[in-house]
Protein chains: 2
Amino acid sequence: MPSPPNLDNLGLATALAKARKSYHEGGVPIGAALVYHSGDTPVVLGCAHNQRIQKSSPTLHAEIAALEDAGRQKAAVYRHSTMYTTLSPCIMCTGAILLYKIPRVVIGENVNWVGGEDLLKKHGVEVVVLDDPECKTLMKRYIEEKPEDWNEDIGE
Amino acid sequence: MPSPPNLDNLGLATALAKARKSYHEGGVPIGAALVYHSGDTPVVLGCAHNQRIQKSSPTLHAEIAALEDAGRQKAAVYRHSTMYTTLSPCIMCTGAILLYKIPRVVIGENVNWVGGEDLLKKHGVEVVVLDDPECKTLMKRYIEEKPEDWNEDIGE
């Protein structure tokens with residue numbers, strides 16, 4: 001019998017699917033998914049990609065957009081959820097994760113950019129970095145192709 | 001000749017007008033304004049109120065909504081801007097201010113709640129607290145009237 005699929009890989013795959021979609025739309029290829037873990041079946045509450053280009057938005061980074069996609073939730077829901085994101089979260093998204101006390105963040109890669117991981121850990125958040133090859137390749141290509149849009153997205 | 005109006009009081013008045021509007025709509029009464037300072041005439045790039053109730057949004061706190069209202073801006077614009085907000089900014093909004101390296105934050109009050117002011121200061125952001133009576137009264141009334149909505153807004 002094949003072993004069950006790894007839940008973190010499934011969560012990241014959901015985020016990565018959104019990142020790929022954004023890339024093909026000419027947008028920043030970062031995706032995120034907020035997954036609620038209760039009982040045996042995880043539930044994807046929200047998933048989204050960065051919307052800087054598509055919605056001309058300076059605040060809808062992937063993680064913020066995933067929280068927005070999930071809609072209003074009670075504190076107890078966030079506290080049993082994991083945020084999956086294809087790239088190390090910036091300080092704004094780090095702050096959103098801390099605001100809602102999301103206890104676990106799974107990151108596709110932090111080679112092309114490192115955000116607020118230290119602040120997350122300082123506040124007791126579990127941070128897992130999967131070092132995913134496709135996340136790294138996709139982000140590297142985008143930064144090379146559209147450095148101005150990328151710099152704008154990180155406030156540079 | 002009357003003395004010219006204080007610019008910080010004018011900025012806060014813009015944010016407070018949005019907070020009042022939100023209160024009258026049954027929403028969280030926090031407002032914010034992003035003001036660009038270049039030359040003699042400050043420009044309000046964006047102003048908004050918290051949208052938890054009105055748009056069922058978990059991420060459109062007043063400061064995030066003001067940044068969104070301002071739309072995509074170059075880094076140099078943020079670096080000559082001030083964020084005005086009626087209440088001490090939460091850790092998510094603090095992160096957004098740090099992401100865009102906004103150098104100055106003017107806060108209506110931090111009696112009813114204190115957010116990420118220490119983190120702002122640690123990163124060199126100038127933080128001014130005006131201790132405004134109307135900001136305090138409005139927020140206190142709301143917290144007493146709608147404690148569940150307020151707790152949800154701060155992830156409690």
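1. A salt bridge is taken here as a side-chain nitrogen of Lys or Arg within 4 Å of a carboxyl oxygen of Asp or Glu. By that rule A:Asp149 is paired with B:Arg72, their closest N and O atoms lying 3.5 Å apart, and ten salt bridges are found across the interface of chain B and chain A.

2. On conventions, this is a predicted model, in which local features need pLDDT of at least 70 and side-chain atom pairs count only at pLDDT 80 or more, while totals for chains, interfaces and linings use all residues. Residues are numbered from 1 along each chain as its sequence is written, chains are lettered from A and ligands numbered from 1 in the order in which they are written, and side-chain values use heavy atoms, with hydrogens and water left out.

3. Chain A has seven helices and five strands, where helices (H or I, at least four residues) and strands (E, at least two) are DSSP runs numbered from the N terminus. Along the sequence these elements follow the order α-β-β-α-α-β-α-β-α-β-α-α. The radius of gyration of chain A, taken over C-alpha atoms, is 15 Å, close to the 15 Å that the globule rule (2.2 Å times the number of residues to the power 0.38) gives for 156 residues, so chain A is as compact as a globular protein of that length.

4. Of the 156 residues in chain A, 55% are buried, that is, under 20% relative accessible area with a 1.4 Å probe, protein chains only. The C-alpha atoms of chain A fill a box of roughly 45 × 40 × 30 Å along the principal axes.

5. Returning to the interface, 34 residues of chain B are in contact with 34 residues of chain A, contact meaning heavy atoms within 4.5 Å. The area buried between the two chains is about 2900 Å², with carbon and sulfur atoms giving 55% of it; this is the accessible area (1.4 Å probe) that two parts lose on being put together, summed over both.

Methods. Buried < 20%, exposed > 50% of the residue type's maximum accessible area, 1.4 Å probe, protein only.
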